[in-house]
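Me: I have a model open and want to talk it through. Can we start with the sheet and then look at some charged side chains?

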Amino acid sequence: MYRHKPSLIKFAQRLKDHNCPSVAVVDISDSAPLIQFHGLYDTRSRIGIGRDKRSPIGKHQVKSRLVKPQYTRLDPRTLKNVVLNSGDPGYPLGTHWIDIGNSFGIHGTNDPDSIGKSQSHGCIRMHNSDIAWVFDFLVIGSEVIIQE
């Protein structure tokens, strides 16, 4: 595997081709995953995970990437779908959504206090500034490995 030499990196040099799929490893065992990209760059960021071990362990692939997507949920009182847009009360997705399949994703949150807790339906939640950074690295086709 190619490893860059820090002495060869120039100020403001682009280190990642944003059209090339990356590999991200997310360790959910301590709610502060180590995220690795091709083994060349590591970053640590606190996350929120699924309650009752609902987060999908295993290998996944990025299916789509969206900025401020619509969110649809079932209203338990009326049994009708409710569509929420970014900025609406109760909108849970924050600024970015990375779809990893089967209705699971990595996304921001409008509830920063939920980070570090196990209370989602299985998605990986991050602070909006952190998900914006990850969003730039994971393109469609990137592999996401979620492990305990």
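Me: How many strands form the open sheet, and in what order?
Reply: The open sheet has 6 strands in the order 6-9-10-12-4-11, with mixed pairing. Strands here are DSSP runs of E of at least two residues and helices are runs of H or I of at least four, numbered from the N terminus. Two strands pair if DSSP finds at least two bridges between them.

Me: Which are the edge strands?
Reply: Strand 6 (64-67) and strand 11 (118-120), each pairing on one side only. The twist from one strand to the next averages 30°. Angles run from 0 to 180 degrees between N-to-C directions, with axes fitted to C-alpha atoms, for helices over the stretch in contact.

Me: What should I know about the source?
Reply: This is a predicted model, where local features need pLDDT of at least 70 and side-chain atom pairs count only at pLDDT 80 or more, while totals for chains, interfaces and linings use all residues. Residues are numbered from 1 along each chain as its sequence is written, and side-chain values use heavy atoms, leaving out hydrogens and water.

Me: Back to strand 6. How does strand 6 run relative to strand 9, parallel or antiparallel?
Reply: Antiparallel, with 4 bridges joining the two. Leu66 stands opposite Trp97 in strand 9.

Me: And what lies across strand 9?
Reply: Helix 1 (residues 128-137), which also lies across strand 6, strand 10 (104-107) and strand 12 (124-126). Helix 1 runs at about 55° to strand 9.

Me: Where is Asp99, and is Asp99 buried or exposed?
Reply: Asp99 is in strand 9 (residues 96-101). Asp99 is buried and has no salt bridge. Buried is under 20% relative accessible area, exposed over 50%, partly exposed in between (1.4 Å probe, protein chains only). A salt bridge puts a side-chain nitrogen of Lys or Arg within 4 Å of a carboxyl oxygen of Asp or Glu.

Me: Which side chain of opposite charge is nearest to Asp99?
Reply: Lys63, 7.5 Å away. A polar atom of the Asp99 side chain does lie 2.7 Å from the backbone nitrogen of Gly101.

Me: How many salt bridges are there in the whole structure?
Reply: There are 2. Glu148 pairs with Lys53, the closest N and O atoms being 3.8 Å apart. Glu148 follows strand 13 (143-147) and Lys53 is in the loop between strand 4 (47-50) and strand 5 (58-61), so the pair ties together parts 95 residues apart in sequence.

Me: What about Arg77?
Reply: Arg77 meets Asp75 in a salt bridge at 3.5 Å, N to O. Arg77 is exposed at 74% relative accessible area, whereas Asp75 is buried at 10%.

Technical notes:
Lys and Arg count as positive and Asp and Glu as negative; His and the chain ends are not counted. A polar contact is a pair of N or O atoms within 3.5 Å; within protein, one must be able to donate a hydrogen and the other to accept it, and residues adjacent in sequence count only if both atoms are side-chain atoms. Contact means heavy atoms within 4.5 Å.
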